[in-house]
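Subject: Structure handover

Hello,

Here is the structure you asked about, with notes on what was found in it. Please read the notes with the model open.

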Amino acid sequence: KILILATESCAYPGADAVGQAHQSYPAYTYILRVKAPVLFPEQFYLDCFDKGVAGIIVMSCGVECPYEGAYDHLAKRIDRVHELMKERGLDLRRLRLTAICTVCTRAFVKEVNNMNEVLAELGPPGSEKAA
């Protein structure tokens with residue numbers, strides 16, 4: 001399972017454009033439309049891995065975020081989650097932060113396919129050695 005946290009102002013419209021263009025990506029990809037991914041605490045990501053989510057892509061607006069300072073806080077939060085993942089022996093490639101715009105259909109599909117390839121290599125969460 002791949003979970004995508006997609007911001008409603010940028011990445012989610014990009015995901016919608018992928019669907020409208022009938023482009024394909026793995027069927028076991030779940031997109032969660034969120035106001036701002038910075039609202040999710042570190043434990044959320046760890047709980048996702050514990051519940052069988054193999055990879056998480058946080059698709060944000062990047063520095064274009066409408067909430068002042070949110071992207072910087074999000075980047076720091078992801079860094080903290082990476083530290084917690086190391087402690088648990090989870091490969092850091094399971095969690096990725098990227099910026100996707102409203103018309104970035106190729107970038108969206110590329111990110112999902114890249115994560116799919118990484119997960120095919122790693123197997124289920126907890127089965128790999130920490131990177």
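Some ground rules. This is a predicted model, in which local features need pLDDT of at least 70 and side-chain atom pairs count only at pLDDT 80 or more, while totals for chains, interfaces and linings use all residues. Residues are numbered from 1 along each chain as its sequence is written, and side-chain values use heavy atoms, with hydrogens and water left out.

Cores. The largest nonpolar core has 21 residues, and Tyr45, Ile56, Val58 and Leu95 have the most contacts inside it. A nonpolar core here is a set of buried Ala, Val, Leu, Ile, Met, Phe, Trp, Tyr and Cys residues joined through side-chain atoms within 4.5 Å; buried means under 20% relative accessible area, exposed over 50%, and partly exposed in between (1.4 Å probe, protein chains only). At least two residues of this core come from each of β1, α2, β3, α3 and β4, with α3 giving the most, 5 residues. Helices (H or I, at least four residues) and strands (E, at least two) are DSSP runs, numbered from the N terminus. Apart from this core lies another, of 15 residues, among them Val18, Ile57, Met59 and Ile100.

Sheet. The 4 strands form an open, parallel sheet in the order β2-β1-β3-β4; two strands pair if DSSP finds at least two bridges between them. Because β2 (29–34) and β4 (95–99) stand at the edges with a single partner strand each, one side of each is left without a neighbour in the sheet. β3 (residues 55–60) and β4 pair over 5 bridges in the parallel sense, and Ser60 has Ala99 in β4 as its bridge partner.

Aromatics. A search of the whole structure finds 3 aromatic pairs. Rings of Phe, Tyr and Trp (its six-membered ring) pair if their centres lie within 6.5 Å; planes under 30 degrees apart count as stacked, over 60 as edge-to-face and the rest as tilted. Phe40 and Phe44 make a tilted pair, 4.6 Å centre to centre with 50° between the planes. Phe44 and Tyr45 make an edge-to-face pair, at 5.5 Å and 85°. Phe40, Phe44 and Tyr45 form one aromatic cluster. Tyr45 is buried, at 0% relative accessible area, and Phe40 counts as buried at 17%.

Regards
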